[in-house]
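User: Take a close look at one part of this model for me, please. I want its surroundings, its packing and the charge pairs, with cut-offs stated.

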Amino acid sequence: MGTWDSGPFDNDTAADWCGDLDDADVSKRPDLVREALTRAAGEAGYLDADVACEAIAAVAIVAAQRPSGQPIASPYAPEFLRDGGRLDVPDDVAALAVRAIDRILAADSEWRELWEDAEGASEAVDALRDLRKVLAA
């Protein structure tokens, strides 16, 4: 995983997924967000870092749509969402995003293991926990 910072879009996997979301038909975008969250939240075995990175990008997108969410400004995020753009997602997706975060932060997560050994680990974990707070509100 090529990672250059601790934000939800700051790695190759998330950036590629965001490009796919940008390229997708507008009507399919909510489904792609739900699929990324479902893959992570539903993983019963060891959670692959790439699955987690896609889900984290999706989590950030869902959180940005919440009343207390922060607008997305990352240059690696989907272009259509930058600087206040919107994506309408069903209400139940926020709860799915919380489950995905909990799964990503679990002990059997490659994302968590990689960050435990990396500089900036607390920033990455704290950012994910902050997104969880927005989604759970």
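Analyst: Buried means a relative accessible area under 20%, exposed means over 50%, and partly exposed is in between (1.4 Å probe, protein chains only). Valine 62, at 2% relative accessibility, therefore counts as buried. The model is predicted: local features need pLDDT of at least 70, side-chain atom pairs need 80 or more, and totals for chains, interfaces and linings use all residues. Numbering runs from 1 along each chain as its sequence is written, and side-chain values use heavy atoms, without hydrogens or water.

Start with valine 62 itself. It sits in helix 3 (helices are DSSP runs of H or I, at least four residues, numbered from the N terminus). Leaving out residues up to four places away in sequence, valine 62 touches Val33, Leu37, Val89, Val93, Ala94 and Leu135 (contact: heavy atoms within 4.5 Å). Arginine 86 is 24 residues from valine 62 in sequence, with 9.5 Å between their C-alpha atoms.

Now the helix 2 side. The axes of helix 2 and helix 3 come within 8 Å and cross at roughly 130° (axes are fitted to C-alpha atoms over the stretch in contact; angles between N-to-C directions run from 0 to 180 degrees). That angle makes helix 2 oblique to helix 3 (under 35 degrees is roughly parallel, over 145 roughly antiparallel, 65 to 115 roughly perpendicular, the rest oblique). Helix 2 contributes Val33, Ala36, Leu37, Arg39 and Ala40 to the contact. Helix 3 answers with Val51, Glu54, Ala55, Ala58, Val59 and Val62. Split by class, these residues are 9 nonpolar, no polar and 2 charged (nonpolar: Ala, Val, Leu, Ile, Met, Phe, Trp, Tyr, Cys, Pro; charged: Asp, Glu, Lys, Arg; polar: the others, Gly among them).

Arg39 and Glu54 also pair. Arginine 39 forms a salt bridge with glutamate 54, and their closest N and O atoms are 2.6 Å apart (salt bridge: a Lys or Arg side-chain nitrogen within 4 Å of an Asp or Glu carboxyl oxygen). Arginine 39 belongs to helix 2 and glutamate 54 to helix 3, so the bridge ties together parts 15 residues apart in sequence. Arginine 39 is partly exposed, at 37% relative accessible area.

Next, the helix 4 side. Helix 3 (residues 49–64) packs with helix 4 (residues 92–104) at an angle of about 140°, their axes 10 Å apart. Helix 3 is thus oblique to helix 4. From helix 3 come Ala52, Ala55, Ile56, Val59 and Val62. They meet Val93, Ala94, Ala97, Ile101 and Ile104 in helix 4. The contact holds 10 nonpolar residues, no polar and no charged. Val62 takes part here, as it does in the contact with helix 2.

What else joins distant parts of the chain? Arginine 34 and aspartate 92 meet in a salt bridge, 2.9 Å from N to O. The bridge spans 58 residues, from arginine 34 in helix 2 (residues 29–41) to aspartate 92 in helix 4. Arginine 34 is partly exposed at 26% relative accessible area, and aspartate 92 is partly exposed at 43%.

The salt-bridge count comes to 5. Another of them joins glutamate 116 to arginine 112, with 3.0 Å between the closest N and O atoms. These two are 4 residues apart in helix 5 (residues 110–116), which means about one helical turn between them. Glutamate 116 is exposed at 51% relative accessibility, while arginine 112 is partly exposed at 31%.
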